[in-house]
Amino acid sequence: MEDYRLLADAVEAEIRSGALPPGGRLLPQRRFADSRGIAASTAARVYQELVRRGLVSGEVGRGTYVRPAPSGPSPISEQSALIDLEANFPVLPEQPALLADALRPLLAPERLAATLGPVGVAGTAADRDTLAAFLAGPGWTPAPGAVLFTGGGRQAIAAAVAALVPPGERLGVEELTYPVVRSVAAHLGVTLVPVPMDGHGVVPADLARVHAEAPLRAVYLQPSLHNPLGVTMPPDRRAAVARVLHDLDLVAVEDGVNRFLRDDVPLAAHAADRVVHVDSLSKRVAAGLNLGVVVAPPGLVDDLAFAVRSGTWAATGFALAAARAVITSGTAARIIAAKRVDAVRRQRIVLDRLAGFDITGDPAAYHSWWRLPRSWHAETFVSAAARHGVSISPAAAFAVPPGRVPNAVRLSNSSPDPATLDHALCVLARLAGSAPEGGVTF
């Protein structure tokens with residue numbers, strides 16, 4: 001029997017040569033199996049491998065499509081010229097100068113030497129006090145003794161999942177979720193279970209139902225400016241979710257990475273003993289000056305600290321010193337205030353340029369959710385947008401099997417300058433208003 005990876009290599013070669021162009025639909029798996037003289041199970045493994053390589057996206061009932069602009073051997077790829085509406089790390093023009101001023105004292109030899117030694121997962125008392133005060137907001141101030149540090153937000157999520165969910169067990173997630181959680185779960189051998197949502201976030205009754213069908217060990221939630229939908233749980237919904245957590249003796253991992261853009265009371269304030277709160281500086285300050293923070297419930301501090309250490313996810317001394325410098329100097333607060341104004345400005349551009357389309361966009365968010373016209377299939381639209389110079393993310397990138405995949409895309413508006421963003425949105429509006437480009441079915 002031919003190795004499925006060799007077959008995947010052959011299909012990849014067709015994709016990279018252009019024989020299978022972006023947006024092209026692959027044969028249904030059974031027809032592919034018949035055409036290659038292989039078992040249907042082998043064909044399924046070929047298609048799974050192509051998905052893993054990022055070359056195709058598959059949706060139940062719709063088929064498998066070639067993703068836009070896969071990277072090739074050329075040093076100047078077509079992808080490099082695209083206007084990026086996929087990445088979601090806001091950087092302001094004035095940000096580098098502000099950060100340079102705040103970080104300059106750290107480069108003095110005696111200060112630098114003090115940051116280059118090993119540090120524990122809890123940092124120093126000054127680290128914990130500084131970050132606890134920094135994360136505090138309306139209705140919530142973390143206890144400094146509950147604060148642990150990781151190399152970034154992704155490591156904070158990984159540590160929380162590793163501490164709460166043994167391999168082979170189940171983690172509940174919103175039916176559309178942050179793609180990194182899918183990667184973390186696959187790495188840790190954890191099964192993701194989608195929980196239905198409505199316009200206010202995860203539905204408490206459905207969370208209880210899913211847990212009753214087969215127990216969950218934890219649930220991962222994004223209550224503020226959910227990625228990708230942009231919805232925010234109102235206070236009464238957070239209180240209802242907290243009651244379910246208590247009733248089920250269930251722990252939630254609350255991702256607060258977008259909370260800096262709103263004045264929300266976090267879920268942790270409603271259920272301090274049931275919520276592991278994770279956050280980072282990647283969006284608040286800068287992706288390249290990152291630090292992850294875990295605020296643990298009192299009974300889980302040791303378990304979470306062990307998970308951070310065993311996963312080698314701990315922060316460095318320099319990252320902790322840099323975080324203290326930008327926070328205590330007031331630089332982080334100035335950057336955050338400017339980003340809140342910037343996000344509102346950019347969201348207005350999105351809603352103005354895509355007026356008349358089905359857009360969900362919180363005024364405070366750096367991303368929007370676009371339910372496409374019925375004439376367009378999401379993967380085809382993503383491919384067509386790439387051919388017109390704009391990179392966007394399809395709903396399939398956020399869906400958790402076996403959940404539904406909406407015919408929608410996510411737009412991140414933080415990367416390009418406002419004029420370029422305006423141009424990209426005009427391109428997308430014209431494209432969405434036109435008939436889909438002709439494609440070839442393979």
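Helices (H or I, at least four residues) and strands (E, at least two) are DSSP runs, numbered from the N terminus. L216 is buried, with a relative accessible area of 4%; buried means under 20%, with a 1.4 Å probe and protein chains only.

Which residues does L216 touch, beyond its neighbours within four places in sequence? Its contacts (heavy atoms within 4.5 Å) are R170, L171, G172, V193, L207, V210, H211 and L250. For G172, 44 residues away along the chain, the C-alpha atom is 6.3 Å from that of L216.

Now to the strands. An open sheet of seven runs in the order β4-β12-β11-β10-β9-β5-β6, and its pairing is mixed. Here, two strands pair if DSSP finds at least two bridges between them. At the edges stand β4 (147-150) and β6 (191-195), each with a single partner strand, so one side of each has no neighbour in the sheet. From one strand to the next, the twist averages 25°.

β5 (residues 170-174) and β6 are parallel partners, joined over five bridges. Within this region, E174 lies opposite V195 in β6.

## The helix across it

Helix α9 (residues 204-213) lies across β5, β6 and β9 (218-221), and runs at about 140° to β6. Axes are lines fitted to C-alpha atoms, for helices over the stretch in contact, and angles run from 0 to 180 degrees between N-to-C directions.

## Reading the numbers

Residues are numbered from 1 along each chain as its sequence is written, and side-chain values use heavy atoms, leaving out hydrogens and water. In this predicted model, local features need pLDDT of at least 70 and side-chain atom pairs count only at pLDDT 80 or more, while totals for chains, interfaces and linings use all residues.

Methods: Buried means under 20% relative accessible area, exposed over 50%, partly exposed in between (1.4 Å probe, protein chains only).
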